[in-house]
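Here is a short report for a reader who is meeting this structure for the first time. Please look over the sequence and the model before reading on.

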Amino acid sequence: MSKWKQASQFWSNLGITVKFGLAFTLLLILTIFVIVTSLATLTIVQRETDTNIISTNAIQRQILDMDRALEKARRLEKEFFLRYPTIGYSAAYEEYALAAAEQIAQVVTVNTELQQYITDLEIATVWKATDVNMNIYFLAVNRHAASVDEATQLIAQLAADETGLLAQLQGQSVMLLESIQLTDDLDLVILYYEMQSFEKDYLNTRQRPLMQSAFNIAVQLRGAIENSSGLNADEKMDALNHLDEYLALAAEIVEVDVAIQGKFNEFDLQAKAIDPITDKLIVLADLEVERAQERVRQLSQFSSVILMVAAVISLGSTAIIAFTLNNSITRNVIKLKVAMDKLQEGDLDTRAYLDSGDELGQLAAGFNDMGTRLQTLVTNLEEQVAERTLKIEMTNQELSLEIDERKKAEEQIHKLNAELEKRVADRTIQLQAANQELEAFSYSVSHDLRAPLRAMEGFSAALLSKYKDELDEQGQHYLDRIQNSSQRMGHLINDLLNLSRITRSELAHQPVDISDIAREIAAELQMDDPQRQAEFVVAESLIVQGDARLLRIALQNLIGNAWKFSGTRQKARIEVGQTTIADCGLQNIDLPESLKSKIPNLESKVYFVRDNGTGFDMAYADKLFGPFQRLHAMHEFPGTGIGLAIVQRVITRHGGRVWPDAQVDQGATFYFTFGGIQ
Amino acid sequence: MNGKIILLVEDNPDDEELTLLALKESNILNEVVVARDGVEALDYLFATGQYAESAPSRTPQLILLDLKLPKLDGLDVLKRLRADPRTQLIPVVILTSSSEEEDMVASYRLGANSYVRKPVEFHHFANAIKQLGLYWLILNEIPQQKQ
């Protein structure tokens with residue numbers, strides 16, 4: 001009892017993996033055992049079945065073969081005896097006797113084989129007993145063969161084609177007829193034919209009385225020959241000799257016939273001896289087949305029993321293993337799960353008690369430990385929570401106060417924002433109104449300021465043309481001055497309008513080839529003044545993004561200025577090209593701070609228009625771009641001073657910058673970028 | 001010259017006189033009827049208002065129309081002319097100080113036949129008037145008015 005307890009203790013202390021390992025190994029061994037058993041049983045059954053079926057079948061077949069061959073031999077023999085008289089001995093011998101002999105030989109062969117079989121295969125003791133029968137059968141067959149042989153010889157003696165008794169009889173018969181035909185004695189001939197007739201009848205029917213009748217007539221014929229007057233002594237002797245020969249042959253034929261008949265009787269006897277043996281053999285073979293079937297049945301029953309036993313053993317073992325595993329693992333897992341569920345529901349006092357030393361036992365121990373710690377922690381936590389809750393409530397109160405303040409501040413901000421937005425909207429409306437006013441102003445400037453100018457110019461012109469003679473030189477001069485001023489004012493108004501139009505117009509964005517535009521402007525300038533010697537150098541394919549119309553206006557002004565201010569040069573040179581901020585030497589340009597600070601400090605593309613004209617003092621550089629600002633006297637270079645203002649507006653509207661680099665008498669360069677747009 | 005009337009619609013007396021002077025200098029001696037505002041121009045053309053009682057007015061061969069006019073401006077006058085079958089075929093040349101693109105577009109859209117900006121220089125102005133007279137009164141032909 002204590003040993004059982006020790007074993008169970010040992011088992012419960014094993015690890016789960018070991019337990020499962022053992023269980024599965026055991027199951028594996030059982031499975032292999034069942035498989036091997038089944039295979040072995042099946043193999044035995046199969047082999048036994050094969051052996052039995054094959055041997056019994058073979059025996060049965062051989063016996064039947066033997067019987068069939070014997071049957072055939074007999075039939076052929078009968079045929080031979082029946083047919084040799086009609087088709088001739090040789091033909092009948094060839095066709096039937098030989099065939100019969102062949103069948104007999106086969107019977108003997110099969111019989112020998114069968115005996116061999118029975119001896120070789122230790123199939124059944126019954127067959128050992130049949131050995132005697134087999135021997136009798138064998139002897140009987142051999143006897144039969146010998147009888148047939150003898151019968152055949154007898155028939156040969158009787159019926160051989162030329163040497164047979166029948167042939168000889170025929171010969172003697174002919175010779176007898178010849179010898180008695182030497183006389184005209186008809187009685188002799190009639191007697192002869194009578195004898196012949198009986199003889200033939202005998203041969204046809206084999207009825208011995210007929211032959212006796214033939215002999216009786218032969219006695220009469222002998223007497224008739226002896227008494228014949230037509231024959232001499234020699235002839236009589238000759239005829240009598242022939243008759244004797246004839247009779248002797250006939251007697252012999254009868255004897256041979258008797259012998260043959262004897263053989264036939266012998267056959268029947270032999271058949272009677274063999275047939276029961278054959279029947280017995282067939283019955284035995286059938287029995288043997290049944291016996292083999294019985295054996296196979298027994299074997300398969302036996303194997304079924306073995307398989308059942310193996311299955312029962314393995315099922316039982318599986319059940320035991322499952323039970324053991326359940327006992328030591330599943331039940332413990334369920335216990336643990338129940339404990340876990342309880343813990344989850346909040347029962348912190350729950351513990352799992354497992355009587356096991358495996359991992360599950362350790363798990364339970366760990367679980368119990370955790371439970372204890374959880375209890376402690378929960379207790380601590382509850383205390384802490386209570387403490388914190390107090391604090392939070394206090395903080396919340398503070399916070400809500402703060403939030404109220406914040407809300408007030410936000411409301412104020414909202415209010416301010418709304419006011420601000422309203423003001424911005426108001427301003428926008430005001431600005432839009434101002435813009436509209438400005439446009440209206442530009443319109444009236446263009447329209448209304450021109451009218452009085454036209455009047456001044458027109459009437460002074462009329463005065464000059466119509467009343468020229470009545471005015472002295474001074475008077476004419478004053479009128480000229482009025483006219484010039486009017487015209488100049490007209491130009492100023494036009495330029496001012498252009499400037500305002502550039503500010504107002506919509507900006508298109510498309511690729512613009514400023515090289516093309518520069519070349520067109522150059523061509524126009526040259527056409528207006530073909531006398532001038534000037535060289536234009538325009539870089540290829542300067543493509544920028546912008547408004548083609550405005551860019552053309554800017555370039556017209558820049559190139560126009562270059563053209564104008566290089567007018568005094570013997571050989572003017574005007575260049576349009578592209579460079580970079582770094583390469584345009586910005587640091588060396590003596591630019592006023594108001595311009596310099598606006599130039600982008602970027603690696604962007606910089607375009608320029610350069611001339612070798614009169615240039616200017618860089619001290620005035622920042623004034624250049626103001627409208628109506630001029631650096632030269634009117635009589636030196638005419639113009640309204642609006643051109644660069646237009647250039648600057650165009651470039652600025654394209655997000656770029658424009659700045660000059662010049663020296664008095666050293667020419668001027670105007671750089672420009674398209675910063676925002678490029 | 002050939003009895004063709006020019007209707008000049010102009011509110012500025014200076015411009016009116018200069019125009020007449022220019023016509024005279026160009027030897028264009030046709031009768032010039034001057035209307036000093038839009039309403040007057042329409043009254044003349046449709047024989048209404050102050051022209052209602054006078055003898056039936058004759059249809060002008062050419063109308064020189066300023067844009068900026070009192071009461072009814074030039075574009076409105078043009079619109080009314082083009083809307084009426086009696087006047088819709090009369091050549092109208094806009095003669096104005098404005099070089100605003102929108103004015104030009106509006107004028108052509110309403111069916112003006114020409115748009116000429118009055119140059120400040122008189123000889124340019126006189127030359128423009130001469131060209132206009134030669135072209136519209138002599139060279140150009142218009143269909144006979146259907147009454």
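## The model and its confidence

This is a predicted model, in which local features need pLDDT of at least 70, side-chain atom pairs count only at pLDDT 80 or more, and totals for chains, interfaces and linings use all residues; side-chain values use heavy atoms, with hydrogens and water left out. Residues are numbered from 1 along each chain as its sequence is written, while chains are lettered from A and ligands numbered from 1 in the order in which they are written.

The pLDDT is the predictor's confidence in each residue, from 0 to 100. Chain A has a mean pLDDT of 82. In chain A, 93% of residues reach 70 or more. Helices here are DSSP runs of H or I with at least four residues, strands are runs of E with at least two, and both are numbered from the N terminus. Among the elements of chain A, helix α11 (residues 514-528) has the highest mean pLDDT, 92. Helix α13 (residues 593-596) of chain A has the lowest, 66. Where pLDDT is low, the predicted coordinates should not be read in detail.

## Where chain A meets chain B

How many residues does each chain give to the contact? Chain A gives 24 residues and chain B gives 23. Contact means heavy atoms within 4.5 Å. The area buried between the two chains is about 2000 Å². Carbon and sulfur atoms give 52% of that area. Buried area is the accessible area (1.4 Å probe) that two parts lose on being put together, summed over both.

Five residue pairs are in polar contact between chain A and chain B, both residues being at pLDDT 80 or more. A polar contact is a pair of N or O atoms within 3.5 Å; within protein, one must be able to donate a hydrogen and the other to accept it, and residues adjacent in sequence count only if both atoms are side-chain atoms. On the side of chain A that touches chain B, α9 (359-466) and α10 (473-504) of chain A each supply at least two residues. The largest share, 16 residues, comes from α9(A). By class, this side of chain A has eight nonpolar, nine polar and seven charged residues. Ala, Val, Leu, Ile, Met, Phe, Trp, Tyr, Cys and Pro count as nonpolar, Asp, Glu, Lys and Arg as charged, and the others, Gly among them, as polar.

## Salt bridges

A salt bridge is a side-chain nitrogen of Lys or Arg within 4 Å of a carboxyl oxygen of Asp or Glu. Over all chains, the count is 23. One salt bridge crosses the interface of chain A and chain B. There the side chains of A:Arg454 and B:Asp15 meet at 2.8 Å, N to O. Both belong to a network of salt bridges that also links B:Glu10, B:Asp66 and B:Lys118.

Within chain A, A:Arg297 pairs with A:Glu294, with the closest N and O atoms 2.6 Å apart. The two are separated by about one helical turn because they sit three residues apart in helix α8 (residues 233-344) of chain A. A:Arg569 and A:Asp665 form a salt bridge at 4.0 Å, N to O. This pair links distant parts of the chain, 96 residues apart. A:Arg569 is in the loop between α12 (548-565) and β4 (572-580) of chain A, and A:Asp665 is in the loop between β6 (658-662) and β7 (668-672) of chain A.

A:Arg573 and A:Glu575 form a salt bridge at 3.4 Å, N to O. Are these residues buried or partly exposed? A:Arg573 is partly exposed at 34% relative accessibility, whereas A:Glu575 is buried at 18%. Buried means under 20% relative accessible area, exposed over 50%, and partly exposed in between (1.4 Å probe, protein chains only).

## Chain B

Chain B has five helices and five strands. Along the sequence they follow the pattern β-α-β-α-β-α-β-α-β-α. Of the 147 residues in chain B, 54% are buried. Among contacts in chain B between residues at least 6 apart in sequence, 65% join residues at least 24 apart.

A:Ser541 has a positive phi of about 50° although it is not a glycine. A:Ser541 is in the loop between β2 (534-538) and β3 (543-546) of chain A. B:Asn27 also is not a glycine and has a positive phi, about 65°. B:Asn27 is in the loop between α1 (13-25) and β2 (31-35) of chain B, and is exposed at 56% relative accessible area.

A:Ser38 lies in helix α2 (residues 16-87) of chain A. The side chain of A:Ser38 reaches the backbone oxygen of A:Val34 at 2.6 Å.
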